[in-house]
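Please look through the sequence and the structure shown below before reading on.

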Amino acid sequence: MPPPHVPAAMSRKVVRQSKFRHVFGQAAKAEQCYDDIRVSKATWDSSFCAVNPKFLAVVVESGGGGAILVLPLSKMGRLDKNHPLVAGHAGPVLDIDWCPHNDNILASGSEDCTAMVWQIPDHGPARHTSEPIVTLEGHSKRVGIVSWHPTARNIILTAGSDNLIIIWNVGTGEPLISMDDHPDLIYNVSWNRNGSLFCTTCKDRRLRVCDPRRREVVAERLAPHEGIRPMRAIFTRDGNIFTTGFTRMSQRELGLWDPTSFEEPIALQEMDTSNGVLLPFYDPDTNIVYLCGKGDSSIRYFEITDEPPYVHYLSTYSSKEPQRGMGFMPKRGVDVSKCEIARLYKLHERKCEPIMMTVPRKSDLFQDDLYPDTAGPEPALEPEEWLEGRDEDPILVSLREGYVPPKSRELKVAKKNVLDTRPAPRRSMSSCDGGNIAPQLLEKLLEEVHNLRATVLSQEKRICDLENKLSKFTNGTA
């Protein structure tokens, strides 16, 4: 009961009721961090970090190309300086994203104008990996954004500095849809919950909502934030768009918009004066968004609701060290026994530090209200179904018993044989050619090629067998 001198209506307004009012962040202990990681110094506004319930992936510095460090989550502590890297790109890696439907599949975009998709063994790479399972070649400039479709199997979006967006079927390695509606550099892309639309922010200061299967922009708004510095936009669970940007006076600002009526914002709040672009990480289960500015030493978090002021400030996690990047764990990777509702992985200059966001509760029982069923690893659609126009929400799983990641599943790529369509090479008539190769020499060369191919195949089989054995030992199933 409120005190008698305070009207009941007024007392309710003073403190908003929310189970997330007391969410607090706590950094992991030193021995639970990942040390001696040389985080990439690329100036691209990417998070440089991606996590899922099995792995931590970080874009790292490397000579002569781009490299990604992939570690099983359990491999904490100091890193061996000779630890294997995923290093197939010829230029710096700019963005990485784990597949939501297969925890062993990682996508990367690079300055070398390609995107690559990698299969990671359960125990992490046993040796340097330079062969992706598929290379996506279609951009003429650097690929700065890679983003998997939330519900359809093997569908991925890439965006490049050629202002082009391409949607691919990774299972065949083929481009399905190409959109060139952006006249300038694309800052970010975000799918909506069922993957029927995506929104983009662009250097031309426009926020766009695109329907990829109709290949058109269905809604746009000029300057949701009046400043000229980069913006970010993400879809919320109920179809609104949350944005971060800058005012005309270079103050950082956040906004909430209804894409069906873009004229006026649902909410617009000024925050502070700082240069770092605010990267939003959104949890659709709790409707909480975590804002991490590059170069900041704090993480601010807000709850989005349908009552004014719509975006409610909850709290700030502060530390001494600035962040170089940030990874955000999918909900199925959090520890429900500790009432953990989110986990972020903060990149320092030489290490990665997990930060747990928890809601204090006295009971040890499973907290139903904190953990509604969440998006699981099974895709709701096949690529062909999505392309034909079907939409499905994510297939949900319960976290009541905690989540155990499934064993590695191989991604099968059925690429068309490029040799079937390529014209036969013209023979060079050099001086030593003499018009014809002697039959004995030709037979000898063919036999040598055959023997070499057999050797390579047997070695590859041996490597696969050894990796499978190693995987069994590390998973305790041997």
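**Briefing on strands, pockets and single residues**

In the hairpin formed by β9 and β10, three residues lie between the strands, and C113 takes a positive phi near 75 degrees. Strands here are DSSP runs of E with at least two residues, numbered from the N terminus, and two of them pair if DSSP finds at least two bridges between them. The model is a predicted one, in which local features need pLDDT of at least 70 and side-chain atom pairs count only at pLDDT 80 or more, whereas totals for chains, interfaces and linings use all residues. Residues are numbered from 1 along each chain as its sequence is written, and side-chain values use heavy atoms, with hydrogens and water left out.

- On one side of the pairing, strand β8 (residues 93-98) runs antiparallel to β9 over five bridges, with V93 standing opposite S110, and a hairpin of six residues joins β8 to β9.
- Strand β10 (residues 114-119) is also joined to β9 by five bridges in the antiparallel sense, and V117 in β10 is the bridge partner of A107.

**An open sheet of four strands**

- The strands β12, β13, β14 and β15 form an open sheet in the order β12-β13-β14-β15, with antiparallel pairing.
- Since β12 (143-148) and β15 (174-179) stand at the edges with a single partner strand each, one side of each is left without a neighbour in the sheet.
- From one strand to the next the twist averages 25 degrees, where the axes are lines fitted to C-alpha atoms and angles run from 0 to 180 degrees between N-to-C directions.
- Strand β14 (residues 165-169) pairs with β15 over five bridges in the antiparallel sense, and N169 stands opposite E174 in β15.

**The second largest pocket**

- A pocket is found on a 1 Å grid over the protein atoms alone, as an open set of points with protein on both sides within 12 Å along at least five of seven lines, and its lining residues have an atom within 4 Å of a point.
- The second largest pocket holds about 490 Å³ of space, a volume being the space filled by probe spheres set on the points, which are joined across faces, edges and corners.
- Its lining has 19 residues, of which Q32, K338, E340, R343 and M356 lie nearest the centre of the pocket.
- At least two residues of this lining come from each of β1 (24-27), β29 (340-347) and β30 (351-358).

**Two single residues**

- D211, which is found in strand β18 (residues 206-211), counts as buried because its relative accessibility is 11%.
- A polar atom of the D211 side chain lies 3.2 Å from the backbone nitrogen of R214.
- R248 has its place in the loop between β21 (241-246) and β22 (252-257), and with a relative accessible area of 62% this residue is exposed.
- Although R248 and I228 are 20 residues apart in sequence, they are 7.5 Å apart in space, C-alpha to C-alpha.

Conventions: On a 1 Å grid over the protein atoms alone, a cavity is a set of points where a 1.4 Å probe fits but cannot get out, and a pocket is an open set with protein on both sides within 12 Å along at least five of seven lines; lining residues have an atom within 4 Å of a point. Buried means under 20% relative accessible area, exposed over 50%, partly exposed in between (1.4 Å probe, protein chains only). A polar contact is a pair of N or O atoms within 3.5 Å; within protein, one must be able to donate a hydrogen and the other to accept it, and residues adjacent in sequence count only if both atoms are side-chain atoms.
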